[in-house]
Amino acid sequence: MRREFSAGAVVVRRLRGRWWLAAIRPGGKPEGIWALPKGQIAPGESAEATAVREVAEETGVEGALERKLGDIRYVYTWQGERVFKVVSFFLLRYRRGRIDDLPPEHRHEVTEARWIPLDEASDYLTYKSEREIALKAAAAL
């Protein structure tokens with residue numbers, strides 16, 4: 001079975017007395033799918049560096065690395081081949097940038113990026129494992 005390793009993040013900011021996280025609507029997915037930014041770890045790149053890079057590419061904002069939140073593991077099928085995937089997630093704090101102001105070369109990957117209230121992440125995020133990662137982020141704050 002082929003293996004893939006990716007990294008992503010919960011990037012948070014405090015606004016009007018409330019914590020918010022950056023979520024994405026991935027390109028090519030049905031309307032209503034919301035997820036955390038993530039992507040494959042490039043050769044020679046650390047998981048932490050990948051998480052920071054993917055946040056910038058997929059949300060338009062930059063974040064400062066705080067800590068690791070955990071890993072999620074799953075199996076999926078791609079072109080008839082089963083793939084075992086591990087995604088490491090990190091907590092990042094917003095530093096600068098405008099949400100959804102994406103580099104043009106990455107716009108095809110993300111239909112929309114937006115800030116959502118961290119305490120409502122379970123209502124927005126589609127994937128159970130990512131909802132659990134968002135809960136870990138809230139507990140870490």
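Predicted model: local features only at pLDDT ≥ 70, side-chain atom pairs only at ≥ 80, totals over all residues.
Strand 4 and strand 5 (residues 81-97) run antiparallel and are joined by 16 bridges. Strands here are DSSP runs of E with at least two residues, helices are runs of H or I with at least four, and both are numbered from the N terminus. Two strands pair if DSSP finds at least two bridges between them.

Residues are numbered from 1 along each chain as its sequence is written, and side-chain values use heavy atoms, with hydrogens and water left out.

Now take K85, which sits in strand 5. K85 has a relative accessible area of 13%, so K85 is buried. Buried means under 20% relative accessible area, exposed over 50%, and partly exposed in between (1.4 Å probe, protein chains only). Beyond its neighbours within four places in sequence, K85 is in contact (heavy atoms within 4.5 Å) with E4, S6, I72, R73, Y74 and Y76.

S6 belongs to strand 1. S6 is buried because its relative accessibility is 2%. Its side chain makes a polar contact with the side chain of K85, at 3.3 Å. A polar contact is a pair of N or O atoms within 3.5 Å; within protein, one must be able to donate a hydrogen and the other to accept it, and residues adjacent in sequence count only if both atoms are side-chain atoms. A polar atom of the S6 side chain also lies 3.5 Å from the backbone oxygen of G39. S6 and K38 are 32 residues apart in sequence, yet 6.7 Å apart in space, C-alpha to C-alpha.

Along with P26, K29 and Y74, they lie nearest its centre. The lining has 23 residues: 10 nonpolar, six polar and seven charged. Strand 4 gives the largest share, four residues. Strand 1 (2-15), strand 2 (18-26), strand 3 (38-40), strand 4 (61-78) and helix 3 (128-140) each supply at least two. The pocket holds about 790 Å³ of space. A pocket is an open set of points on a 1 Å grid over the protein atoms alone, where a 1.4 Å probe fits, with protein on both sides within 12 Å along at least five of seven lines; lining residues have an atom within 4 Å of a point.

Conventions
Points joined across faces, edges and corners; volume = space filled by probe spheres on them. Nonpolar A, V, L, I, M, F, W, Y, C, P; charged D, E, K, R; others polar.
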